[in-house]
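Reader: I'm new to protein models and would like to learn how to read one. Could you walk me through it?

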Amino acid sequence: MKKFTLFALAAAFAMTVSAQRVVQPQTSLQKAFAENQTEAKPADMLRMAKAGKPLTAKKVNPFNNPAKNSMTRAGEDFEVITEAPEGRLETYSLSGLAYYSFLGYVMGVSHVGTLGQIVYGDDNSVYFKNPFSQFATNSYLKGTLEGDQITVTLPQPIYQEDYYGEIYNYQAERLVYVEEAEGGWYYRDESSSEIKFTLRNDSVFWAEDTTGNVMLGLCDDTGEWMGYGDYNMVYGKVTDQVVEAPADLATEEWVVSANGDGYFVNVGFSGSDVYIGGLYESMPDAWIKGTVEGDKVVFPSGQYLGPDESMNCHTYFITSGSEMVYDEVYQEWYADMYMTDKIELSYDAAAKTMIADSKNDSTMVINSGKERVYYIQCLDAPEFKYQAPIEGAAKPQTPEFYSFSPYDDINGYGYMDIIIPKFDVEGRLLDTNKMHYNIFIDDELFTFYPDEYIALTEEITDVPYNFDDGYDIYDYGIEKMIYFYTTGFEKIGVRSTYTADNGESADSDIAWYYVNGDPTGINAATAAGKNVKSVVYTDLSGRRTTQPVKGLYIKTEVYDDGTQKSVKVINRR
């Protein structure tokens, strides 16, 4: 049975903060619900919904709709422009208002710092790459430039996918907002087939209605809106320059640690200047620059790292603080982030450390754009320390069980979340490429066999630290989620191992989880472990059920500490 999982912010992806959403390119509209691993908090959803027109409670769901599916399986003449056209490529910083689909619902978002690319051809043709800010189609929308106006004639083929052997076609359409009893919805504009942009100086502006009554929408080839669309777009010229490190800069490998995680960065000093390379792991060649001021190092906010196509945005290094704000609607506190102009780190030249002074107003942010906090990655109260190379074996810190769900007869599986630290018992960061972990069931070493774990091609006992099969074993950095199909055991354990270049190995202690409680009276999972208190199933319309029938459901588990987690499951029975 296939499982689909929703995870809160870990980083990968798309991440959410105070109504912020940075979009990773989707690979499939048909799988958009199943693969979306960005979980917005309820308060965030309210703020995002305010970004667009009030919509009715309709849901966008491409699953299990034979009538629509039969219409969208188009012929071979559906030609999407996927190759870069000849011409002059200009890169912009795109801002605007947009909609996207989240768990089948349509959400509104105001975005900044999105990657915008336009190709200007010699024959006055203009091509917009990835015209939808919230869904990267990896294709081009064609227009024509006359004077200072760009006209795009619609509909145009924009995206095609092969979903398990079925071909689905999608196109860009001019949509209009239609008022309905409980809000409104977007439909194909039968009175016009064009949208227009204005080219002015070094920028391109949306030249249509700015209230959202007109939108560039992503539809299937029958004209039905798929929940993605944009309006009020501004393609602004990027004038910021990336930080360049001196060519002769000598660097050392330091460790940055924050939020229980860490990784290696390159640190170099040139006079009173300090350079950090690889702070954003997805852009290892990008640098930020600070200045030594006595026993402090100051890094100014707003440094440009460059465009990141993997996240479809322009990335900046900004600094931030946060304050707790109470949400009256959901009656909960949440951290509201605000921008600052710099961050100060205490500097010890002899010890080779740079450490944040405060936890409340000392956050380093990898951000989409620089106008507001719209983050990809946050480092709260970061610590930078030089670390000498590790020689020989090093004992890893003991893993922890974050949560555990026993085998469920309805779903046919159980699962566990485990935290596997990257550090050794001396606090040194380990190279995860030299680490693996093992699972134990009732003191016996567990082997993952391909006949049970169908995404595997061979059996695995030593699981590489960064391994992810996309089906049963998921890697979320220090957090691993593993599904199992075994029942009847009393305890389950996890152990990690570090193996040095010389072949020496050292094992961590084994963390145990006792399914029925530790016989010694101590909770098996470690202090961080959680037990499931209650389970609720809801269908995609939000209706609760205790006995799911065949179909797609959201399984929400409430833990004994009051926290909860949602897992998307498909019941095929």
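Author: We'll go from the whole chain to its strands, then to salt bridges and a surface patch. This is a predicted model, where local features need pLDDT of at least 70 and side-chain atom pairs count only at pLDDT 80 or more, while totals for chains, interfaces and linings use all residues. Residues are numbered from 1 along each chain as its sequence is written, and side-chain values use heavy atoms, with hydrogens and water left out.

Reader: How many helices and strands are there in the protein?

Author: Helices (H or I, at least four residues) and strands (E, at least two) are DSSP runs, numbered from the N terminus. Here you get three helices and 42 strands.

Reader: And what share of the residues is buried?

Author: Buried means under 20% relative accessible area, exposed over 50%, and partly exposed in between (1.4 Å probe, protein chains only). Of the 573 residues in the protein, 53% are buried.

Reader: How do strands get together in a sheet?

Author: Strands of a sheet pair through backbone hydrogen bonds, either parallel or antiparallel. In practice, two strands count as paired if DSSP finds at least two bridges between them. Take the open sheet of four strands, ordered β29-β30-β35-β34 with antiparallel pairing. Its edges are β29 (400-408) and β34 (473-476); each has a single partner strand, so one side of each lacks a neighbour in the sheet. Inside that order, β30 (residues 413-419) and β35 (residues 479-484) run antiparallel and are joined by six bridges.

Reader: Which strands does β5 pair with?

Author: Strand β4 (residues 88-102) runs antiparallel to β5 and is joined to it by 14 bridges; Y100, for instance, has M107 in β5 as its bridge partner. β5 also pairs with β6 (residues 125-129), antiparallel again, over four bridges. There, Q117 has K129 in β6 as its bridge partner. β5 and β6 make a hairpin with four residues between them, and N124 in the turn has a positive phi of about 70 degrees.

Reader: Why is β5 called largely enclosed?

Author: Because 14 of the 16 residues of β5 (residues 105-120) are buried, the rest of the structure largely encloses that strand.

Reader: What should I look for in a salt bridge?

Author: Side chains of opposite charge can pair when their charged atoms come close. The cut-off is a side-chain nitrogen of Lys or Arg within 4 Å of a carboxyl oxygen of Asp or Glu. That rule gives 21 salt bridges. One of them joins the side chains of E208 and R174 (3.3 Å, N to O). E208 sits in the loop between β13 (203-206) and β14 (214-220) and R174 in β10 (residues 166-180), so the pair ties together parts 34 residues apart in sequence. Both E208 and R174 are buried.

Reader: Which residues form the nonpolar patch on the surface?

Author: Patches are made of residues with over 30% relative accessible area and no salt bridge; like charges are joined within 9 Å, nonpolar side chains (Val, Leu, Ile, Met, Phe, Trp, Tyr) within 5 Å. Areas come from the Shrake-Rupley method with a 1.4 Å probe, and for residues, only the protein chains shown count as cover. M324, Y326 and W333 form this patch, with about 360 Å² of accessible area together. Y326 belongs to β22 (residues 313-327), and its relative accessibility of 32% makes it partly exposed.
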